[in-house]
Amino acid sequence: MLAEADILNAGILIVDDQEVNVSLLGQMLCDAGYTRVASTMNPLEVCALHRKHRYDLILLDLQMPGMDGFQVMAGLKTNDADAYLPVLVITAQPGHKLRALQAGAKDFITKPFDLVEVRTRIHNMLEVRLLYKKLENYNQVLEQRVRERTAELRESEARYRSLTELASDWYWEQDENGNFIKVSGPVLEMLGIRVDSLAGEASPVALAGWNEAERDLLQAAIAARQPFLEMVFSRVNADGSQQKYQVSGEPMFNQSSRFIGYRGIGVELTPKK
């Protein structure tokens with residue numbers, strides 16, 4: 001929520017070619033407690049002033065010589081960094097109200113002034129404007145935090161992969177359809193297939209000697225999209241010798257929580273000769 005002090009400290013610009021109107025509105029705002037009120041009687045200055053000071057509210061007369069209020073609003077649209085045009089138009093012509101709103105004005109004040117109505121409309125519009133800016137700032141902060149967190153996660157993942165390469169004999173990744181997209185080491189042989197080239201087509205070739213019950217447990221975990229830790233697999237070679245491997249893996253999900261595959265690491269437990 002906004003504090004009243006935030007509203008009274010908002011930046012306001014009065015734009016009117018009549019000095020009496022500028023004085024009347026300025027005095028009314030000062031009496032109401034507003035502390036940052038500026039004015040100009042030259043509509044050609046408005047765009048440059050707004051670029052410099054980023055006013056929270058522009059009280060804009062529509063009928064001025066040289067450049068009317070509609071032309072001023074058109075100019076503000078070309079240099080305004082945000083999508084919100086903080087303009088409250090001043091007009092004595094009822095027919096101009098709808099046109100002003102269509103041109104981007106957020107509200108209007110009718111001449112001759114009803115000071116109670118003017119104060120109310122100014123206060124309400126500033127409240128909306130400041131809440132809009134607060135939301136915009138919050139979104140920017142949130143986006144920055146998301147970018148920072150994403151960078152942290154990417155760095156963490158890079159470290160994780162670097163450590164797994166040091167702490168394991170091999171690393172593997174599968175896509176959501178079970179196709180291997182990254183492999184190092186004998187994981188393909190363990191799962192019962194041989195791939196000549198990851199960039200080409202896989203040629204399934206059953207390899208003998210693996211403990212099928214152990215391999216079925218792994219395949220069941222992957223089918224259920226469950227993580228598995230230090231599962232042991234063994235193989236009896238043609239010469240009667242035995243090899244053992246230990247594998248760990250986890251499912252991968254994208255930012256929308258959609259399953260996109262598996263990744264894992266493994267080490268050979270067979271004593272080196």
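Ground rule for the element names: helices (H or I, at least four residues) and strands (E, at least two) are DSSP runs, numbered from the N terminus. With that set, I find Leu 135 in helix 6, residues 115-167.

Housekeeping. I am working with a predicted model, where local features need pLDDT of at least 70, side-chain atom pairs count only at pLDDT 80 or more, and totals for chains, interfaces and linings use all residues. Residues are numbered from 1 along each chain as its sequence is written, and side-chain values use heavy atoms, with hydrogens and water left out.

**Entry 1: confidence.** I checked pLDDT, the predictor's confidence in each residue, from 0 to 100. The protein averages 81, and 85% of the residues score at least 70. Residues 192-206 fall below 50, and this stretch has 19 contacts in the model beyond near neighbours in sequence. Contact here means heavy atoms within 4.5 Å.

**Entry 2: overall picture.** I count eight helices and ten strands in the protein. Of its 273 residues, 37% are buried; buried means under 20% relative accessible area, exposed over 50%, and partly exposed in between (1.4 Å probe, protein chains only). For contacts with a separation of 6 or more, 55% come from residues 24 or more positions apart. The accessible surface comes to about 15900 Å², and carbon and sulfur atoms hold 53% of that. These areas come from the Shrake-Rupley method with a 1.4 Å probe; for residues, only the protein chains shown count as cover.

**Entry 3: strand 1.** How many residues of strand 1 (residues 11-15) are buried? Five of the five are, so the strand is largely enclosed by the rest of the structure. Gly 11, Leu 13 and Val 15 point one way, Ile 12 and Ile 14 the other. Strand 1 runs parallel to strand 2 (residues 36-40), with five bridges joining them; two strands pair if DSSP finds at least two bridges between them. Opposite Leu 13 I see Ala 38 of strand 2.

**Entry 4: salt bridges.** Side chains of opposite charge can pair when their charged atoms come close. My cut-off is a side-chain nitrogen of Lys or Arg within 4 Å of a carboxyl oxygen of Asp or Glu. Searching the whole structure gave seven.

I looked at Asp 61 with Lys 111, at 3.3 Å from N to O. They sit 50 residues apart, Asp 61 in strand 3 (residues 57-61) and Lys 111 in the loop between strand 5 (107-110) and helix 6. Asp 61 is buried at 3% relative accessibility, while Lys 111 is partly exposed at 22%.

Next came Asp 107 and Arg 121, whose closest N and O atoms are 2.8 Å apart. This pair links strand 5 and helix 6, 14 residues apart. Asp 107 counts as buried at 17%, and Arg 121 as partly exposed at 24%.

Then I took Glu 176 and Arg 258, with closest N and O atoms 3.0 Å apart. Glu 176 is in the loop between strand 6 (170-175) and strand 7 (180-184), and Arg 258 in the loop between strand 9 (242-253) and strand 10 (259-268), so the pair ties together parts 82 residues apart in sequence. Glu 176 is partly exposed at 41%. Salt bridges that share partners also join Asp 16, Asp 61 and Lys 111 into one network.

**Entry 5: back to Leu 135.** Which residues form a nonpolar patch on the surface with Leu 135? Tyr 138, Leu 142 and Val 146 do, and together the four have about 390 Å² of accessible area. Patch residues have over 30% relative accessible area and no salt bridge; like charges are joined within 9 Å, nonpolar side chains (Val, Leu, Ile, Met, Phe, Trp, Tyr) within 5 Å.
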